[in-house]
Amino acid sequence: MDINFLFELGGVLVVVGIALSLLASFTVSKGDSLEKRIENLLPSINCGQCGFPGCEAYAKALANGECAPNLCKPAGADVGKQLADLVGVSAERSDDYEEQLFSPRLVAYIHENTCTGCGKCKRKCPVDAISGVLKQAHVVDPEECIGCDDCIKACPEGCIEKIRLEHNLSHFNWNIHSVQVNK
């Protein structure tokens with residue numbers, strides 16, 4: 001190969017690269033869209049507790065004004081307030097005062113008397129909250145469980161359900177903001 005040919009090819013590639021970068025700078029960047037900014041605030045665990053099939057779907061619905069900004073339970077109240085500020089709506093307060101005092105904790109519970117120990121729930125758990133060995137009943141660690149329902153969908157026996165943990169100091173909301181009482 002001739003060295004001049006390589007220099008010409010390199011020059012053409014540089015010109016094409018500059019042209020492509022100029023074209024890219026004139027297009028609207030999807031990374032700066034409201035939907036992407038909302039999605040960046042969410043925990044990205046796609047648990048579905050908000051009622052949508054994942055964080056991306058919830059972000060899209062929130063950006064279109066189709067839902068409330070405080071539906072993501074794993075993200076917590078502070079992220080809900082940030083989402084409300086981002087979309088320009090007021091953060092809705094929960095009517096239930098206990099929900100303000102305690103983090104809502106819906107977790108999976110395996111009924112040991114019907115669990116066959118197949119291990120399908122354990123393999124589907126995104127946070128490794130389920131422990132147990134094959135052919136023996138499995139157990140969910142409520143402190144690790146995020147309540148995503150993946151184990152419930154994977155269980156062929158139907159022995160897993162979601163339960164609300166009793167309120168105790170282990171999930172007390174120590175960052176609670178004052179509650180204003182109107183006369």
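Is Glu39 buried or exposed? At 16% relative accessibility, Glu39 counts as buried (buried means under 20% relative accessible area, exposed over 50%, partly exposed in between, with a 1.4 Å probe and protein chains only).

This is a predicted model, so local features need pLDDT of at least 70, side-chain atom pairs count only at pLDDT 80 or more, and totals for chains, interfaces and linings use all residues. Residues are numbered from 1 along each chain as its sequence is written, and side-chain values use heavy atoms, with hydrogens and water left out.

View 1. Glu39 sits in helix 2 (residues 34-41); helices (H or I, at least four residues) and strands (E, at least two) are DSSP runs, numbered from the N terminus. Its side chain meets that of Lys36 in a salt bridge (3.7 Å, N to O), meaning a side-chain nitrogen of Lys or Arg within 4 Å of a carboxyl oxygen of Asp or Glu. Leaving aside neighbours within four places in sequence, Glu39 is in contact (heavy atoms within 4.5 Å) with Ser44, Glu56 and Ala59.

View 2. The whole structure has 3 salt bridges. Lys81 pairs with Asp85, closest N and O atoms 3.4 Å apart, and both lie in helix 4 (residues 77-87), 4 residues apart. Lys81 is partly exposed at 49%, while Asp85 is exposed at 52%. Lys162 and Asp149 also meet at 3.4 Å, N to O. That pair links distant parts of the chain: Lys162 is in strand 4 (residues 160-164), and Asp149 is in the loop between strand 3 (139-140) and helix 7 (150-154).

**View 3. The largest nonpolar core.** Ile110, Ile130 and Ile160 touch the most other members of this 15-residue core, a set of buried Ala, Val, Leu, Ile, Met, Phe, Trp, Tyr and Cys residues joined through side-chain atoms within 4.5 Å. Strand 1 (residues 106-110) gives the most to this core, with 3 residues. Another core, of 13 residues, lies apart from it, with Cys55, Tyr58, Ala59 and Val79 among them.

**View 4. A stretch to treat with care.** Over residues 94-98, pLDDT (the predictor's confidence in each residue, from 0 to 100) stays under 50. Where pLDDT is low, the predicted coordinates should not be read in detail. The chain averages a pLDDT of 81, and 79% of the residues score at least 70.
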